[in-house]
Amino acid sequence: MSSAATSYQPVQVLESTRLLYDFLRTPAEYENHLERYSSGLIFRLGFGKTIKTGNEELVRRIMHVVHTVERVASPGAYLVDTFPTLMCLPAWLAPFKQELGRLHKEELGLFRQLQDDVRQEMKDGKAPQCWERTFLEDQAEYGLSSDEGAYVVGTLFEAGAGTTAAAMMSFLLAMVHHPVWQARLQHEIDTVVGPQSIPGFNHMPSLPTVRAVVKETLRWRPVTAGGVPHQLVKDDVYNGLFLPAGTNIHANQWAIHRDNLYPDPETFNPARWLEPRYPTYREPLTTYPTIQNFSAFGFGRRICPGMNIAERSLNLLVARIAWAFNISKARDERGREIAVPLYDYTSGFNVQPKRFTFDMKARSEDKARMVERAMREAETEDPLAGR
Ligand code: HEM
């Protein structure tokens, strides 16, 4: 696993502590809290800034851009995706060109502002270590213009914020529907971690069920369900089918994850990564399952560069949430269970379960107090406190 990603672990510990604290206070706002975690993580790493509530002006602007990208990048969102000759139309005859031009301006303006902030802080000798600072320090070596650099860092944010949160929403949905797997997770965590500590990265080699639940969540409900389209740079043949250069290929993750390799594919079944009777089982369980070489993160030279960060986030969050909370179906005022749809997802480039109602309660008073204490300590020790 990449050593750069290992150096980000303390930030993930800190931000995940805040997530537990937020869940403790307002569990119904779970979508905001997960988005705050994932955007807060990348904001620190990318720009050396913190996000406390998710309602900060800059964050709202950037999340608006993220959701816009998810919409417009969705395959077939515009007619020009299907009929590329429409690109020849002048802008005044092509509303899609006007709209995308305006969105590009909005996005670039935001990325420039974030870069300018760090540039100014560097001049003042106050810039914390972050990706934007690394780019500005070594810009000549990278051979990129300032706008290109602003885009590289900015798109890391775009690609990393929504995806991690979406995967975690599918995890919560899985727990609501599969209490047996929640119990297995909690049993493993309680045995390995014990009552006196909150799960951390040091526990991960001994938590194969946690890693299996993460991997199965991404298989069962892939975030980029339709895959990210790629264009062939040269002619190719696939299963006897000739594909000329220039063809757009969608590696459809939803279909790939329902291949024969995965018996009974519609069932959320982390055992397929834990038991030798399944074709996907791999030893040793101190290492496997991992999300390395897994179709959920794409393929080839454009494979997700954030997968090591994502893997660490998902493992840590799943372990910590299962350690701290019981997740279950909620009940209405007459005591009847409130039904939760098994499959009611948003459509678009990234998909996530539409908002659903469920219960998330601390497993004990002790655990709630430990989270509160950890939050106070995290705030005191935060190297970016006050930023
Ligand atoms: C659960 C979380 C995540 C999932 C499921 C995911 C999935 C993907 C997929 C499927 C691709 C397209 C790969 C291809 O074109 O074949 C991709 C690209 C990308 N991801 Fe992720 N990702 C996640 C988290 C992250 C994080 C945390 C970051 C940043 C820190 C990130 C940054 C990127 C970037 C910059 C690209 C574009 C790479 C390129 O085109 O060269 N991703 N991701």
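**Notebook: a look around the predicted model**

I started with Cys304, and at 28% relative accessibility I put it down as partly exposed. I'm working with a predicted model here.

**Entry 1: Cys304 and the iron**

Where does Cys304 sit? I found it in the loop between helix H12 (253-256) and helix H13 (307-324). I also checked the UniProt record, an unreviewed entry, and its "binding site" annotation covers Cys304. Next I looked up the iron atom of the ligand: which protein atom is its donor? There is a single one from the protein, the SG of Cys304, 2.3 Å away.

**Entry 2: the whole chain**

I zoomed out and noted 14 helices and six strands in the protein chain. A compact globule with 387 residues would have a radius of gyration near 21 Å, and the protein chain has 22 Å, so the two agree. Along the principal axes, the C-alpha atoms fill a box of roughly 65 × 60 × 45 Å.

How much of the chain is buried? I wrote down 49% of the 387 residues. For the accessible surface I noted about 19400 Å², with 54% of that belonging to carbon and sulfur atoms. I looked at contacts too, taking pairs at least 6 apart in sequence: 68% of those join residues at least 24 apart.

**Entry 3: Gly240**

I picked out Gly240, which is in the loop between strand E2 (236-238) and strand E3 (241-243). Buried or exposed? Gly240 counts as exposed, because its relative accessibility is 70% and the cut-off for exposed is over 50%. I also took a distance from here: the C-alpha atoms of Gly240 and Asn326 are separated by 51 Å, and the two residues are 86 apart along the chain.

**Entry 4: salt bridges**

How many salt bridges does the structure hold? My note says 24. I went through three of them.

Then I turned to Glu379 and Arg18, whose closest N and O atoms are 3.2 Å apart. This pair links distant parts of the chain, with Glu379 in helix H14 (residues 365-381) and Arg18 in helix H2, 361 residues apart. Glu379 is partly exposed at 43% relative accessible area, while Arg18 is buried at 11%.

My last pair was Asp190 with Arg363, with 2.7 Å between the closest N and O atoms. What does this bridge tie together? Asp190 lies in helix H10 (residues 179-193) and Arg363 in the loop between strand E6 (358-362) and H14, so the bridge joins parts 173 residues apart in sequence. I have both down as partly exposed: Asp190 has a relative accessible area of 32%, and Arg363 has 25%.

One more thing went into the notebook. Salt bridges that share partners join Glu15, Asp22, Arg25, Arg36, Arg44 and Asp382 into one network.

Note on methods:
Residues numbered from 1 in each chain as written. Predicted model: local features only at pLDDT ≥ 70, side-chain atom pairs only at ≥ 80, totals over all residues. Heavy atoms only, no water. UniProt positions renumbered as here; feature names shortened; annotations may be inferred. Helix = DSSP H or I, 4+ residues; strand = E, 2+ residues; numbered from the N terminus. Buried < 20%, exposed > 50% of the residue type's maximum accessible area, 1.4 Å probe, protein only. Donors = N, O, S within 2.8 Å, 3.2 Å for Na, K, Ca; no water. Rg over C-alpha atoms; globule rule 2.2 N^0.38 Å. Contact = heavy atoms within 4.5 Å. Areas by Shrake-Rupley, 256 points an atom, 1.4 Å probe, with all protein chains shown as cover. Salt bridge = Lys/Arg side-chain N within 4 Å of Asp/Glu carboxyl O.
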